[in-house]
Amino acid sequence: VQLQASGGGLVQAGGSLRLSCAASGRIYSSTVMAWFRQAIGKEREFVALIRWNRDSTYYADSVKGRFTISKENRKNTLYLQMSSLKPEDTAVYYCAAGSRYNSDQYDYNIWGQGTLVTVSS
């Protein structure tokens, strides 16, 4: 499986943006898909995850209530709807695939190339 993230850009604080992650190849039903982000000078951090064969989700506290992770199985596509964006949300956002339902980046073995989100104040 290969992942291709897109949808990043420049947005004002309070605005919205939707990221997409297109997956090529077969995604097993047990796969967990996630979004991570990395700001300049900071370590990569977990944002949200979703099971590929269910709608169960989990969010980082910093984005809970503002971001929504979803998927469209027939299109092999993962989404991250981001609302009420803040300057501190500025980062490169990565989609990833793994087999464990957790937020540890080391449990994800397939990564997209990242898409930059910049939130201006």
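This briefing covers strand pairing and aromatic contacts in the structure above. The model is predicted. An open sheet of 4 strands runs in the order E1-E3-E8-E7. Strand E11 pairs with E2 and with E9. Six aromatic residues, Phe36, Phe46, Tyr58, Tyr94, Tyr108 and Trp111, form one cluster.

**The open sheet**

- Pairing in the sheet E1-E3-E8-E7 is antiparallel.
- Its edge strands are E1 (2–6) and E7 (67–72), and each of them pairs on one side only.
- From one strand to the next, the twist averages 15 degrees.
- E7 and E8 (residues 77–82) are joined by 6 bridges in the antiparallel sense.
- Within that pairing, Lys71 stands opposite Leu78 of E8.

- E11 spans residues 115–120.
- Its covered face carries Thr115, Val117 and Val119.
- Its uncovered face carries Leu116, Thr118 and Ser120.
- In a regular strand, side chains alternate between the two faces of the sheet.
- E2 (residues 9–12) pairs with E11 in the parallel sense, over 4 bridges.
- Gly9 stands opposite Val117 of E11, and Val117 belongs to the covered face.
- E9 (residues 91–98) pairs with E11 in the antiparallel sense, over 3 bridges.
- The bridge partner of Val92 in E11 is Leu116, a residue of the uncovered face.

**Aromatic pairs**

- The count of aromatic pairs is 5.
- Phe46 and Tyr58 make a stacked pair, with 5.7 Å centre to centre and 25 degrees between the planes.
- Phe46 lies in E5 (residues 45–51) and Tyr58 in E6 (residues 57–59), so this pair ties together parts 12 residues apart in sequence.
- Phe46 counts as buried because its relative accessibility is 12%, below the 20% cut-off.
- Tyr58 is partly exposed, with a relative accessible area of 43%.
- Tyr94 and Trp111 make an edge-to-face pair, with 6.4 Å centre to centre and 80 degrees between the planes.
- This pair links distant parts of the chain: Tyr94 is in E9 and Trp111 in E10 (residues 108–111), 17 residues apart.
- Tyr94 counts as buried at 15% relative accessibility.
- Trp111 is partly exposed, with a relative accessible area of 25%.

**Arg44 over the rings**

- The charged end of Arg44 sits over the ring of Tyr94, 4.3 Å from the ring centre.
- The charged end of Arg44 also sits over the ring of Trp111, 4.3 Å from that centre.
- Tyr94 and Trp111 are both members of the aromatic cluster.

Technical notes: Residues numbered from 1 in each chain as written. Predicted model: local features only at pLDDT ≥ 70, side-chain atom pairs only at ≥ 80, totals over all residues. Heavy atoms only, no water. Buried < 20%, exposed > 50% of the residue type's maximum accessible area, 1.4 Å probe, protein only. Helix = DSSP H or I, 4+ residues; strand = E, 2+ residues; numbered from the N terminus. Pairing = 2+ DSSP bridges. Axes fitted to C-alpha atoms, helices over the stretch in contact; angles between N-to-C directions. Phe/Tyr/Trp six-rings, centres within 6.5 Å; stacked < 30°, edge-to-face > 60°. Lys NZ or Arg CZ within 6 Å of the ring centre and 35° of its normal.
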